[in-house]
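Visitor: I would like to go through this model term by term. Please set each value against its cut-off before you conclude anything.

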Amino acid sequence: MVELRDEARTVLAALAALPPKQRQVMAWSIDGYSPAEIARKLGADPTAVRQNLTKARKNLKQLLGITGSAR
């Protein structure tokens with residue numbers, strides 16, 4: 001249980017370290033919204049949302065020390 005809490009804190013800290021736009025679209029994505037839905041809700045360009053999600057995932061992998069392409 002303690003290990004899970006530590007892991008959750010680490011993930012939350014990594015999310016908090018993302019740039020604001022990346023953090024915003026990642027939060028929507030984690031809540032189950034598709035890039036198209038996120039774009040609609042935010043009044044943003046769908047391409048920009050997808051790019052921010054890609055960058056956010058890449059940054060999170062770096063921040064968390066994750067290697068490889070497993071999803």
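This is a predicted model: local features need pLDDT of at least 70, side-chain atom pairs count only at pLDDT 80 or more; totals for chains, interfaces and linings use all residues.

Visitor: Where does Gln22 lie, and with which residues is Gln22 in contact, leaving aside its neighbours within four places in sequence?

Guide: Gln22 is part of helix α2. Setting aside neighbours within four places in sequence, its contacts (heavy atoms within 4.5 Å) are Asn52, Lys55, Ala56 and Asn59.

Visitor: What makes Asn52 buried?

Guide: Its relative accessible area is 18%, so Asn52 is buried. Asn52 belongs to helix α4. Residues up to four places away in sequence not being counted, Asn52 touches Lys21, Gln22 and Val25.

Visitor: How many helices and strands does the chain have?

Guide: There are 4 helices and 0 strands, and the pattern read along the sequence is α-α-α-α. Helices (H or I, at least four residues) and strands (E, at least two) are DSSP runs, numbered from the N terminus. The C-alpha trace spans about 40 × 25 × 20 Å along its principal axes. Of the 71 residues in the chain, 18% are buried.

Visitor: Why is α2 called roughly perpendicular to α4?

Guide: Two packed helices are described by the angle between their axes and the distance between the axes. Helix α2 (residues 20-30) and α4 pack at about 95 degrees, and their axes are 8 Å apart. That angle makes α2 roughly perpendicular to α4. Angles under 35 degrees count as roughly parallel, over 145 as roughly antiparallel, 65 to 115 as roughly perpendicular and the rest as oblique. The axes are lines fitted to C-alpha atoms, for helices over the stretch in contact, and the angles run from 0 to 180 degrees between N-to-C directions.

Visitor: Which residues of α2 and α4 make the contact?

Guide: From α2 come Lys21, Gln22, Val25, Met26 and Ser29, and from α4 come Val49, Asn52, Leu53, Lys55, Ala56, Arg57, Asn59 and Leu60. The contact of α2 with α4 divides into 6 nonpolar, 4 polar and 3 charged residues. Here Ala, Val, Leu, Ile, Met, Phe, Trp, Tyr, Cys and Pro count as nonpolar, Asp, Glu, Lys and Arg as charged, and the others, Gly among them, as polar.

Visitor: What makes α3 and α4 oblique to each other?

Guide: Helix α3 (residues 35-42) and helix α4 (residues 46-64) pack at about 120 degrees, with axes 8 Å apart. α3 and α4 are therefore oblique to each other. Pro35, Ile38 and Ala39 of α3 meet Pro46, Val49, Arg50 and Leu53 of α4 in this contact. By class, the residues of the contact of α3 with α4 are 6 nonpolar, no polar and 1 charged.

Visitor: How do you know that α1 and α4 are oblique to each other?

Guide: The axes of helix α1 (residues 2-17) and α4 cross at roughly 130 degrees and come within 10 Å. α1 and α4 are therefore oblique to each other. On the α1 side the contact is made by Thr10, Val11, Ala14, Leu15 and Ala17, and on the α4 side by Leu60, Leu63 and Leu64. The residues of the contact of α1 with α4 are 7 nonpolar, 1 polar and no charged.

Visitor: Why is the pair of Trp28 and Tyr33 called edge-to-face?

Guide: The search of the whole structure finds 1 aromatic pair. The ring centres of Trp28 and Tyr33 are 4.8 Å apart and the planes stand at 70 degrees, so the pair is edge-to-face. Rings of Phe, Tyr and Trp (its six-membered ring) pair if their centres lie within 6.5 Å; planes under 30 degrees apart count as stacked, over 60 as edge-to-face and the rest as tilted.

Visitor: How exposed are Trp28 and Tyr33?

Guide: Trp28 has a relative accessible area of 23% and is partly exposed. Tyr33, at 31%, is partly exposed.

Visitor: What makes Ile66 partly exposed?

Guide: Its relative accessibility is 46%, so Ile66 counts as partly exposed. Ile66 is placed in the segment after α4.

Terms used:
Residues are numbered from 1 along each chain as its sequence is written. Side-chain values use heavy atoms; hydrogens and water are left out. Buried means under 20% relative accessible area, exposed over 50%, partly exposed in between (1.4 Å probe, protein chains only).
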